[in-house]
Amino acid sequence: MPAVTAPAHQKGDFFVDYEEKKFEDVKAQPGEKALVTFHTVAFEGSIGFVNLLQATRLKRKGFETSILLYGPGVTLGVQRGFPKIGDEAFPGHMNFNNQITKFMEEGGKVYACRFALQALYGHGEPSLIPGIIPISPLDVLDLVLLHRRDNAFILDTWTL
């Protein structure tokens, strides 16, 4: 029978070299924009949270960054908590709210489709995290097209 001779990992050990970077640290040129779109349900996978982190990183790299929540993506922007709004029921429960709030505090803009908010998910504008800008469903495509016209970096977040 084979024997395991490597010592057990210890707290504080490194599994990988996380400091080595292969590519230059790209920063935005003056006036560059970025748009991160979300058509994904909150808590249905990691992509929503990961790309909220990416949006924050784009903002910190100097891009004028906006987030678009449409379709099921509006579920990322509603206030939550239990037993009261703002209470964290379990660790990570408020990840979306906290990250969106941090993004807006750092100057990012967040837009949410009114149609998806009401017709699909039964919420009104008071359900949104304060600071999120509700928009007409007719503005969803135009927001993307305006960013395209401005040669913005666009990151689409989709899950089915």
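View A. Let's start with Arg60, which counts as exposed because its relative accessibility is 52%. In this predicted model, Arg60 forms a salt bridge with Glu106, and their closest N and O atoms are 2.6 Å apart. Arg60 belongs to helix H1, whereas Glu106 sits in the loop between H2 and strand S3 (109-113), so the pair ties together parts that are 46 residues apart in sequence. Glu106 itself is partly exposed, at 32% relative accessibility.

**View B. Helix H1 and its buried side.** Stay with H1 for a moment: the helix runs over residues 47-60, 14 residues in total, and spans 20 Å from first C-alpha to last, close to the 20 Å expected at 1.5 Å a residue. Which residues of H1 are buried? They are Gly48, Asn51, Leu52, Ala55, Thr56 and Leu58. These residues lie on the same side of H1, because they cover an arc of only 160° around the axis. The spacing makes sense: an α-helix has 3.6 residues a turn, so residues three or four places apart point the same way. The partners that the buried residues of H1 pack against are S1, strand S2 (64-69), helix H2 (95-105) and strand S5 (153-158). After H1 comes Gly62, with a positive phi near 100°.

**View D. A salt-bridge network of Asp25, Lys27 and Lys61.** Salt bridges with shared partners link Asp25, Lys27 and Lys61 into one network. Within it, Lys27 pairs with Asp25 in a salt bridge whose closest N and O atoms are 3.2 Å apart. Lys27 is partly exposed at 45% relative accessible area, as is Asp25 at 41%. Across the whole structure, the search finds 6 salt bridges.

**View E. A nonpolar surface patch that includes Tyr18.** Phe14, Phe15, Val16 and Tyr18 make up a nonpolar surface patch of about 560 Å². Is Tyr18 buried or exposed? Tyr18 counts as exposed, at 57% relative accessibility.

Methods:
Residues numbered from 1 in each chain as written. Predicted model: local features only at pLDDT ≥ 70, side-chain atom pairs only at ≥ 80, totals over all residues. Heavy atoms only, no water. Patch = residues over 30% accessible without salt bridge, like charges linked within 9 Å, V, L, I, M, F, W, Y side chains within 5 Å. Areas by Shrake-Rupley, 256 points an atom, 1.4 Å probe, with all protein chains shown as cover. Salt bridge = Lys/Arg side-chain N within 4 Å of Asp/Glu carboxyl O. Buried < 20%, exposed > 50% of the residue type's maximum accessible area, 1.4 Å probe, protein only. Helix = DSSP H or I, 4+ residues; strand = E, 2+ residues; numbered from the N terminus. Expected span 1.5 Å × (residues − 1). Arc of directions from axis to C-beta. Contact = heavy atoms within 4.5 Å.
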